Amino acid sequence: IQRLIQDARKPFHKFIRERDKNKPCISCGNHYADIFDAGHYFKAELYSGLIFDERNVNKQCRGCNSFLHGNESKYRIGLIHRFSKGYVDLIDSKALLEKKQGFKWDRFALEEIREYYKQKLKQLKDASK
């Protein structure tokens, strides 16, 4: 299953970076970093059910994502500023529910997600031409 998660994450992360390409880092506001990641607000390692939740993943500079371990407090501020407090409350609720109930991916869902984001990325790139 871990290999399938990684296979699905590749097109999903590419989609996030393409979706947010004209936006700054969600945490620090940097427009000009050398490398941008698809950074998770609720960490993928701890909240597997939020790995592919587009609300939980945004363009983030490598400095914030890797070197500041997600820069979580500034990430939250960035989410509220970019979207709304209600938006962040929805993500918080989903994370809390997952922690209570647990979450497991299955092969079919991961294969479907991989193909979905390959297609969604292609559509996004075609629309920006």
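The legends below describe several close-up views of a predicted model.

Residues are numbered from 1 along each chain as its sequence is written. In this predicted model, local features need pLDDT of at least 70 and side-chain atom pairs count only at pLDDT 80 or more, while totals for chains, interfaces and linings use all residues, and side-chain values use heavy atoms, with hydrogens and water left out.

View 1. Helix H5 covers residues 107-127, where helices (H or I, at least four residues) and strands (E, at least two) are DSSP runs numbered from the N terminus. With an expected span of 1.5 Å times one less than the number of residues, the 21 residues of H5 should span 30 Å, and the end C-alpha atoms are 30 Å apart, which agrees. Ala109, Leu110, Ile113, Arg114, Tyr117 and Leu121 of H5 are buried, a term that stands for under 20% relative accessible area, with exposed meaning over 50% and partly exposed the range in between (1.4 Å probe, protein chains only). Helix H1 (2-19) is included in what covers the buried residues of H5. At the start of H5, a side-chain oxygen of aspartate 106 comes to within 3.0 Å of the backbone nitrogen of phenylalanine 108.

View 2. The structure holds ten aromatic pairs, counted when rings of Phe, Tyr and Trp (its six-membered ring) have centres within 6.5 Å, with planes under 30 degrees apart taken as stacked, over 60 as edge-to-face and the rest as tilted. One of them joins phenylalanine 12 and tyrosine 117 in an edge-to-face arrangement, with 4.8 Å centre to centre and 80° between the planes. Since phenylalanine 12 lies in helix H1 and tyrosine 117 in helix H5, the pair ties together parts that are 105 residues apart in sequence. Both phenylalanine 12 and tyrosine 117 are buried. Tyrosine 116 and tyrosine 117 also form an edge-to-face pair, at 4.9 Å centre to centre and with 85° between the planes. Tyrosine 117 has a relative accessible area of 6%, whereas tyrosine 116, at 45% relative accessibility, counts as partly exposed. Ring pairs link Phe12, Phe15, Phe52, Phe103, Trp105, Tyr116 and Tyr117 into a cluster.

**View 3. Aspartate 53 in the loop between strands E1 and E2.** Aspartate 53 has its place in the loop between strand E1 (36-40) and strand E2 (57-61), and at 7% relative accessibility it counts as buried. Its side chain makes a polar contact with the side chain of arginine 55 at 2.7 Å; such a contact is a pair of N or O atoms within 3.5 Å, where within protein one must be able to donate a hydrogen and the other to accept it, and residues adjacent in sequence count only if both atoms are side-chain atoms. Leaving aside residues up to four places away in sequence, aspartate 53 touches Phe12 and Lys94, contact meaning heavy atoms within 4.5 Å.

**View 4. Helix H3 and its packing partners.** In helix H3 (72-82), the buried residues are Tyr75, Gly78 and Leu79. Seen down the axis of H3, they fall within an arc of 100°, so they line one face of the helix. These buried residues pack against E1, E2 and helix H4 (85-101), while the face turned away from them carries the exposed residues Ser73, Ile77 and His81.

View 5. Serine 27 is found in the loop between H1 and E1 and counts as buried at 8% relative accessibility. The side chain of serine 27 makes a polar contact of 2.8 Å with the side chain of glutamine 60. Not counting residues up to four places away in sequence, serine 27 touches several residues, including Cys64, Asn71 and Tyr75. Asparagine 71, in the loop between helix H2 (62-67) and helix H3, counts as buried at 15% relative accessibility. With disulfides defined as pairs of cysteine sulfur atoms within 2.5 Å, the count comes to zero. Cysteine 25 is in no disulfide, and the nearest cysteine sulfur, that of cysteine 28, is 3.7 Å away. The sulfur of cysteine 64 is 3.7 Å from the closest cysteine sulfur, in cysteine 61, too far for a bond. Cysteine 25 counts as buried at 2% relative accessibility, and cysteine 64 counts as buried at 3%.

Technical notes:
The arc is that of the directions from the helix axis to the C-beta atoms.
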